[in-house]
Amino acid sequence: MGGFAVFTVGFEPLPDGRLGFEFVNPLGPEDIDAECAQAVSDGLLLWLIGAGQRNVYFDHPLLPAAKKLAAGVPVRPDAGPGLIALRAVLRHSRLNPIDSLPWTHARAGWRAADKTWRGAEAAGDPMGLAP
């Protein structure tokens, strides 16, 4: 079972102290198709709400709707107290015509959020290069 997901995502707080989650994809379909981009967004949000890595595939928890996020959804407990207030911007992506699958992008989105939170602790993590 293979899969290919290569992308760069930037994280920034939402402006004006707003709550919620925004995923911005300024890239075109030659860089990433809409289904894989949505999967990256889903993977990031799954990490934020506290879903475990094994819950990223098919039986993942329901994702909170934008209205609920704007009203305030707690960020995962191990990341500290607070409510989700994040914008994620897809900066780069590279597709493989055969192996770029939505589930690999969802898992990679989850891992991107996890590695960003862990910071230096995640440096040299070999899983960043493997499914």
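This note walks through selected side-chain features of the structure above.

1. The model is predicted. Every value below should be read with that in mind.

2. Salt bridges overall. How many salt bridges are there? The count comes to six. Five residues, Glu12, Arg18, Glu22, Arg87 and Arg91, are linked in a network of such bridges.

3. Glutamate 12 has a relative accessible area of 27%, so it counts as partly exposed.

4. Aspartate 114 is buried, at 12% relative accessibility. Arginine 118 is partly exposed, at 21%. The cut-off for buried is under 20%, so arginine 118 at 21% falls in the partly exposed class.

5. Arginine 76 and its two partners. Is arginine 76 buried or exposed? Arginine 76 is buried, with a relative accessible area of 9%. Aspartate 78 is partly exposed, at 43%. Arginine 76 also lies over the face of tryptophan 47, at 4.5 Å from the ring centre.

6. The aromatic pair. A search of the whole structure finds one aromatic pair. Tryptophan 47 and tryptophan 117 form it, with 5.9 Å from centre to centre and 50° between the planes. Why is the pair called tilted? Planes under 30 degrees apart would count as stacked and over 60 as edge-to-face, so the 50° of this pair makes it tilted. The two residues sit 70 residues apart in the chain. Tryptophan 47 is in helix H1, residues 34-49, and tryptophan 117 is in helix H3. Tryptophan 47 is buried, with a relative accessible area of 4%. Tryptophan 117 is partly exposed, at 41%.

7. Serine 93. This residue lies in strand E3. Serine 93 is buried, at 6% relative accessibility. Which backbone oxygens does its side chain meet? A polar atom of the serine 93 side chain lies 3.4 Å from the backbone oxygen of valine 6. The side chain of serine 93 also reaches the backbone oxygen of aspartate 31, at 3.2 Å. Leaving aside residues up to four places away in sequence, serine 93 touches Val6, Phe7, Leu27, Asp31 and Ile32.

8. Aspartate 16 has a positive phi of about 60°, although it is not a glycine. Where is aspartate 16 placed? Aspartate 16 is in the loop between E1 and strand E2, residues 20-24. Its relative accessibility is 77%, so aspartate 16 counts as exposed.

Methods
Residues numbered from 1 in each chain as written. Predicted model: local features only at pLDDT ≥ 70, side-chain atom pairs only at ≥ 80, totals over all residues. Heavy atoms only, no water. Salt bridge = Lys/Arg side-chain N within 4 Å of Asp/Glu carboxyl O. Buried < 20%, exposed > 50% of the residue type's maximum accessible area, 1.4 Å probe, protein only. Helix = DSSP H or I, 4+ residues; strand = E, 2+ residues; numbered from the N terminus. Polar contact = N/O pair within 3.5 Å; in protein donor to acceptor, adjacent residues only side chain to side chain. Contact = heavy atoms within 4.5 Å. Phe/Tyr/Trp six-rings, centres within 6.5 Å; stacked < 30°, edge-to-face > 60°. Lys NZ or Arg CZ within 6 Å of the ring centre and 35° of its normal.
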